[in-house]
Amino acid sequence: MERTGGGAGERTGEGSGMTDARGPGASSAAETLATLEAAARILAETRSILVIDWPSRDVPASLAFAGFTVFVKGGPGPADYAAWELDRGEPVARQLGREPDRVDLVYCHRPFGELPGIVALAGRLGARAFWWQTGLTSGGGLDPSGCWVPPEESRRARELAAAAGLAYIDDVYIADAARARGGPA
């Protein structure tokens, strides 16, 4: 598996990834393409995704439309899980009442301080990849599709994921990647 966000993969070194960009346009087109290709490879190997919070309904809906098995954690309790499925062509949530037995990928839109617990959950559920989205722009503004991460947090999150044996992405909006991927898995 590739690790994006400047992780071990075809892109290495400080400042080489979109996440480490110092401002708009700092990444080259080749780096952007490499990041998108790595995200596409991870999604190609993914069938089930656990979504822990999201910046907009676009995330679980796009994943369901793309054919993934989508689980969401909707609160802090052990029974706060639901599945997003298509019903007559529309994504709907169905309560599960328990965590899924296994997932391939864990996506989260939570603060950096919560990542160690989320990465541990990903490992417990047998995930192969961890995808973190901040919802921030490089200027510090909020954007539901924003993926900018302060470089130090990106590095530390990458290290957490690597220590758990997980591929890591933090610089691609998962809904865009799912739409680019196309139909069902």
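## Helix α1

In this predicted model, helix α1 covers residues 29-44, a run of 16 residues. From its first C-alpha to its last, α1 reaches 22 Å, close to the 22 Å expected at 1.5 Å a residue.

Which residues of α1 are buried? They are Ala34, Thr35, Ala38, Ala39, Ile42 and Leu43.

Strands of a sheet pair through backbone hydrogen bonds, and the pairing may be parallel or antiparallel. Here, β5 and β6 run parallel and are joined by four bridges. To find your place in this pair, look for Leu105, which stands opposite Ala129 in β6.

## Helix α4

Turning to α4, we have a helix of 13 residues, spanning 151-163. Its reach from first C-alpha to last is 18 Å, close to the 18 Å expected at 1.5 Å a residue. Ser154, Ala157, Arg158 and Ala161 are the buried residues of α4. Viewed down the helix axis, they fall within an arc of 105 degrees, so they line one face of α4.

What do the buried residues of α4 pack against? Their partners are α3 (115-124), β6 and β7. Just after α4 comes Gly165, with a positive phi of about 75 degrees.

## Ser62 in helix α2

Is Ser62 buried or exposed? Ser62, found in helix α2 (residues 58-65), has a relative accessible area of 6%, and because this is under the 20% cut-off, Ser62 counts as buried. Leaving aside residues up to four places away in sequence, Ser62 touches Ala175, Ala178 and Arg179.

## Cysteines

A disulfide is a covalent bond between the sulfur atoms of two cysteines. How many disulfides does a search of the whole structure find? The count is zero.

Cys108 is buried, with a relative accessibility of 0%. Cys147 is buried too, at a relative accessible area of 12%.

Terms used. Residues numbered from 1 in each chain as written. Predicted model: local features only at pLDDT ≥ 70, side-chain atom pairs only at ≥ 80, totals over all residues. Heavy atoms only, no water. Helix = DSSP H or I, 4+ residues; strand = E, 2+ residues; numbered from the N terminus. Expected span 1.5 Å × (residues − 1). Buried < 20%, exposed > 50% of the residue type's maximum accessible area, 1.4 Å probe, protein only. Pairing = 2+ DSSP bridges. Disulfide = S-S within 2.5 Å. Contact = heavy atoms within 4.5 Å. Arc of directions from axis to C-beta.
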